[in-house]
Amino acid sequence: MRGMDVVRGVVMAASLLLIATGASGQGMLSIEGTATYRERMALPPDAVFEATLEDVSRVDATASVLGQTQIEQPGNPPFHFSIQYDPTQIQPNHIYVVRASIAVNGRPLFTTDQRYQVLTQGHGSEIGMMMLHHVSGAASPAAAPLSLRGTYWKLVQIGDRQITPADQQQEAYLIFRIEDEHLTGSGGCNRLAGSYTASNDALRVSGIASTRMACLHGMETESNFLTALEGVRSWKISNRQLELSNEDGKMLLRFTAQTMKSK
């Protein structure tokens with residue numbers, strides 16, 4: 001009998017362990033989301049993006065934070081974020097929301113002004129797009145420094161030659177994408193796409209491909225633009241202008257920052 005009691009004790013202990021493990025073994029889950037703002041500007045390097053998951057069920061109490069994430073030097077929007085949370089803390093009859101903000105030196109610059117509900121009452125764990133709004137009284141975003149990535153760069157000079165609207169049908173430009181090392185743009189006639197690698201002040205452009213339209217004007221400018229891109233080895237930004245130079249430091253292309261064009 002003593003042997004059977006020992007066996008029963010071991011089985012019971014194992015069962016309790018499995019129950020306890022099952023209760024806490026679901027692991028952390030996550031809220032996935034994207035946030036942006038309407039202003040066309042680059043954030044300063046000391047900006048911090050923050051998103052929080054909050055329980056706002058009780059109107060007479062401060063919201064409790066169940067998860068939080070921060071992104072230092074987030075670059076330009078959109079901002080993709082993930083908030084880890086413990087699913088055992090979620091109650092079906094509670095209300096959960098995600099809020100987001102951007103601060104500079106601890107002072108709010110952008111924040112959400114509406115609730116983005118998640119997890120319960122028919123809401124999932126993904127947020128398509130959160131809109132951040134500029135905080136009244138915050139420093140003007142126009143003063144923020146420009147970034148190579150995410151800025152609309154209009155071509156204004158190839159070598160010693162100034163590019164004017166009369167030289168081409170459309171505006172030649174480049175956008176170095178933030179989310180990956182790809183670039184898009186236009187040569188003035190054809191749309192462009194390719195890859196880039198940037199480190200400190202070094203820059204290389206590769207794999208440039210374009211559509212094959214033949215335009216009445218601007219084809220020579222476009223050809224010179226593409227040729228110059230192949231020789232780019234460095235970059236610098238000064239006075240809202242981007243200069244791309246070759247390995248000898250000779251300026252090949254100059255761009256000016258513009259408001260992002262609607263696609």
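Predicted model: local features only at pLDDT ≥ 70, side-chain atom pairs only at ≥ 80, totals over all residues.
**Entry 1**

Residues are numbered from 1 along each chain as its sequence is written, and side-chain values use heavy atoms, with hydrogens and water left out.

I counted seven aromatic pairs in the structure. The ring centres of F176 and Y196 are 5.1 Å apart and the planes stand at 85°, so this pair is edge-to-face. F176 belongs to strand 11 and Y196 to strand 13, so the pair ties together parts that are 20 residues apart in sequence. For F225 and F255 I noted centres 6.0 Å apart and planes at 55°, so that pair is tilted. F225 is in helix 2 (residues 219–230) and F255 is in strand 17 (residues 251–258), so parts 30 residues apart in sequence are tied together. Both F225 and F255 are buried.

The criteria I used: rings of Phe, Tyr and Trp (its six-membered ring) pair if their centres lie within 6.5 Å, and planes under 30 degrees apart are stacked, over 60 edge-to-face, the rest tilted. Helices (H or I, at least four residues) and strands (E, at least two) are DSSP runs, numbered from the N terminus.

I also found a cluster in which ring pairs link Y37, F49, F79, F81 and F110.

**Entry 2**

Strand 11 (residues 173–176) pairs with strand 12 (residues 182–186) in the antiparallel sense over four bridges; two strands pair if DSSP finds at least two bridges between them. The hairpin joining strand 11 to strand 12 runs through five residues. F176 has L183 in strand 12 as its bridge partner.

Strand 12 then runs antiparallel to strand 13 (residues 191–199), with five bridges joining them. S186 is opposite R191 in strand 13. Four residues lie between the strands of this hairpin, and G188 takes a positive phi near 105° there.

Strand 13 and strand 14 (residues 202–210) are antiparallel and joined by seven bridges. L192 has S210 in strand 14 as its bridge partner. This hairpin has two residues between its strands.

Most residues other than glycine have a negative phi, and most peptide bonds are trans. I therefore listed the exceptions. N200, in the loop between strand 13 and strand 14, has a positive phi near 55° and counts as exposed at 69% relative accessibility. Q121 also has a positive phi near 55°; its place is the loop between strand 7 (116–118) and strand 8 (126–134). Q121 is exposed, with a relative accessible area of 52%. The peptide bond from P77 to P78 is cis, with omega near 5°. P78 is in the loop between strand 3 (64–72) and strand 4 (79–85).

**Entry 1. Helix 2**

T221, E222, F225, A228 and L229 are buried in helix 2. These residues cover an arc of only 130° around the axis, which puts them on the same side of helix 2; the arc is that of the directions from the helix axis to the C-beta atoms. E220, T227 and E230 are exposed on the other side.

**Entry 2. E54**

E54 is in strand 2 and is buried, with a relative accessible area of 11%. Its side chain makes a polar contact with the side chain of T52 (2.9 Å). I took a polar contact as a pair of N or O atoms within 3.5 Å; within protein, one must be able to donate a hydrogen and the other to accept it, and residues adjacent in sequence count only if both atoms are side-chain atoms. Leaving aside neighbours within four places in sequence, E54 is in contact with A63, S64, V65, I95, Y96, V97 and R99, contact meaning heavy atoms within 4.5 Å.

**Entry 3. Whole chain**

The chain has two helices and 17 strands. Of its 263 residues, 37% are buried.

Methods: Buried < 20%, exposed > 50% of the residue type's maximum accessible area, 1.4 Å probe, protein only.
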